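Q: Please take a close look at the strand pairing in this model. Then set it against the rest of the chain, and finish with a few single residues.

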Amino acid sequence: MKEASESLNFLEHIIAEDLKSGLPKDSLRFRFPPEPNGYLHIGHAASICLNFGLGKDYQSPVNLRFDDTNPIKEEQEFVDSIKKDIEWLGFKWANELYTSDYFQQLYDWAIELIKNGKAYIDGQSPELIAEQKGTPTSPGKPSPHRDRPIEENLEIFEKMKNGKFEAGSYVLRAKIDMASPNMLMRDPLMYRIINRAHHRTGTDWCIYPMYDWAHGQSDYIEQISHSLCTLEFKSHRELYDWFLDQIYDENKLRPKQREFARRNLSYTVMSKRKLLELVQSKTVAGWDDPRMPTISGLRRRGYTPESIRKFSEISGISKRDSVTDVSLLEYAIREDLNKRATRAMAVIDPVKLIITNYPEGITEMLEAENNPEMENSGSHEVPFSRELYIEKEDFKEEAGNKYFRLSIGKEVRLKNAYIIKGESVVKDEKGNITEIHCTADLDSRSGSGTEASMRKVKGTLHWVSIQHAIKAEIREYDRLFLDEAPDAHGEKSFMEFLNPESLKVTKEAYLEPFLQESKLEDKFQFQRVGYFTLDKDATSDYLIFNKTVGLKDSWAKAQTKEQKQNQPQQHKQQGQGRSPINEIQKISKKYTNLSGAKLETARASIAKLAEDVSYDDLEPLFGTAKKKVGTRIGVTIALGVLLEKGLERNEAIEAFIQAGLEDYNELLAEEAKTIKK
């Protein structure tokens, strides 16, 4: 169970209150109830992390229950993929269950409702039933079959079960209140006829329960204490409780439904129907295409379970729907891979470089550190020779003072190797550079301890030895859509906003030989390029690497470049040992322990320091863990200063402010209120 000092989200507060009111701790039980009609996506990951996280925190069981009540859309393939995704995310379920396990019990309860005059068979068309429902401001009209005799209802219902009727000819409806202000209570459907074989029960059933009838009853059968749903089910809660009222035994635990905001992500679509359209139209290469927001797509792209769990943690649990900027997800994986990815060198767009004063026919083995961020990560050898490949963009024949890569007459260091100076170029008949000739300071080898090796030059380039390089295909993925909300444009199809540059394939990139033995789960930082992982299509004879994410958020940089030019210049304070952002963090850590004059002084100090920080300094701290509430308060104060100075709001800012408004710490919520529009 969480320590009392940690900040609880509103659902955890509900659970805590229930425990305080007498609910035995060993009665806590949760569930994750996916419908097996598609692959799970990043939105589902929020619910997975929430339910299984609660199970871990309270040491309570969490069931995996498949809501398999529609055989038209559901397949075993989706069941298998869901189980695989949950296990990959690092969670274990207590019981693997299916709503189809309860078909007989649900049917028996439906019979009881009919016998008690609380359910009836309706033979009208779906259009007529919908028309009779009325509107939110006008009551509905009762079906002409609402008072059908009980025996007749039972007879028709049994025939429905036995496959005697065509789909759509009859439905079973609950008899509740056609004048209810909640339209879901206006005699909702409980069963419909679907003459289709089920992936588990085969042809045993011809009628299938509706979600609202099956959901709460399944929770009740499993004795789920807290049935956590997304916000679209809030209006369903009244019906959830009504159905439970009909079968509830006071000697058993009664489930409680509560709702939280679903996870929406910018620059993507989260609807299974729309994701299916992308797959069926072959816009993407399948459910696990690395551009898809599916968990399997993210896994194939190189995301780690730790990064997705971290993303869910820093995004938080909210009461209101909002859109989370995809850059927050990219931040989570970038931070994770920085700590775990092995550094290696790969040249994606090569040009030949010859070191004219390096001996021909000689191979020198240089040492490369595997990961400077990971203690005891070790090192590996990199072969070095006279002829190398470097990136074309790392050389300009003529360059200004602000160009810190290789050019004629200027020096750069080759990573883990020597300092070189550009001397001349060779061009083809079209004027394209085919070779760069340079000389090396042969006393400057990295790590040699010589005076020359200590010389500082402004640029460092990655490279590979041509003689030893291995060839590979590189797939660089970008966002699938150009618009932040591609499915929010009314009459326009989300397909109109596809990014034509979402996949760039390089067939002949060159890599250091260390990468020949790569395995599927290995993570690499191709130095100065980005983070990469081996694709499942790769073979030992043909390597394929997927780009997971760049080293920096290039989208944010492109989007804010113009606005930054119009903002006042912000500089770090000079002559101090710590930067302003570090000073803010230092003060913030103790913020919640202060009061009175000391608290006012701390707030004024943070606001003063914020005059000298930039948005780039502040944005990485948006993901600060909820329990570090002092730091979050400091970031909020500083953000308010930047907004007053003209910083334009974006989705990441709005999401951070919203999280503050919904936090249970009064100091944080109050600061968030001061900068909310």
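A: Two strands pair if DSSP finds at least two bridges between them. Strands (E, at least two residues) and helices (H or I, at least four) are DSSP runs, numbered from the N terminus. Strands of a sheet pair through backbone hydrogen bonds, either parallel or antiparallel.

The model is predicted, so local features need pLDDT of at least 70 and side-chain atom pairs count only at pLDDT 80 or more, while totals for chains, interfaces and linings use all residues. Residues are numbered from 1 along each chain as its sequence is written, and side-chain values use heavy atoms, with hydrogens and water left out.

Start with the sheet of 4 strands. It is open, its order is E4-E5-E6-E7, and the pairing is antiparallel. Strand E4 (119-122) and strand E7 (207-209) are its edges, each pairing on one side only. Neighbouring strands here are turned by 20° against each other on average, direction ignored. Axes are lines fitted to C-alpha atoms, for helices over the stretch in contact; angles run from 0 to 180 degrees between N-to-C directions.

Strand E6 (residues 189-193) joins E7 through 3 bridges, and the two run antiparallel. Helix H6 (residues 150-161) lies across E4, strand E5 (171-174), E6 and E7. Its direction is about 65° to that of E4. Contact means heavy atoms within 4.5 Å.

Now the sheet of 7 strands. It is open too, with the order E23-E20-E21-E22-E14-E17-E24 and mixed pairing. Strand E23 (460-461) and strand E24 (464-465) are the edge strands, each with pairing on one side only.

Strand E14 (residues 350-355) meets strand E22 (residues 433-441) through 4 bridges, in parallel. Ile-354 has His-437 in E22 as its bridge partner. Lys-352 stands opposite Glu-435, also in E22. Strand E21 (residues 419-427) pairs with E22 over 8 bridges, in the antiparallel sense. Lys-421 is bridged to Thr-439 of E22. E21 and E22 form a hairpin, with 5 residues between them. Gly-431 sits in that turn and has a positive phi of about 90°.

Gln-59 has one of about 50°. Gln-59 is in the loop between helix H2 (42-57) and strand E2 (62-66). With 70% relative accessibility, Gln-59 counts as exposed. The cut-offs are simple: buried is under 20% relative accessible area, exposed is over 50%, and partly exposed is in between (1.4 Å probe, protein chains only). Asn-376 is another case, with phi near 60°. Asn-376 lies in the loop between strand E15 (364-369) and strand E16 (379-384). Asn-376 is exposed, at 76% relative accessible area.

How accessible is Asn-546, in relative terms? Asn-546 is buried, because its relative accessibility is 0%. Asn-546 belongs to strand E29 (residues 543-550). Leaving out residues up to four places away in sequence, Asn-546 touches Pro-290, Arg-300, Arg-301, Arg-475, Tyr-477, Tyr-531, Phe-532, Thr-533 and Asp-535. Ser-60 is 486 residues from Asn-546 in sequence and 38 Å from it in space, C-alpha to C-alpha.

Thr-601 is in helix H15 (residues 596-609). Thr-601 counts as partly exposed, because its relative accessibility is 49%. Arg-334 and Thr-601 are 267 residues apart in sequence; their C-alpha atoms are 36 Å apart.

Last, the chain as a whole. It holds 19 helices and 29 strands. Its C-alpha atoms fill a box of roughly 100 × 70 × 45 Å along the principal axes. Of its 677 residues, 52% are buried. Among contacts with a separation of 6 or more, 70% join residues 24 or more positions apart. The accessible surface is about 32100 Å², and 46% of it belongs to carbon and sulfur atoms. Such areas come from the Shrake-Rupley method with a 1.4 Å probe; for residues, only the protein chains shown count as cover.
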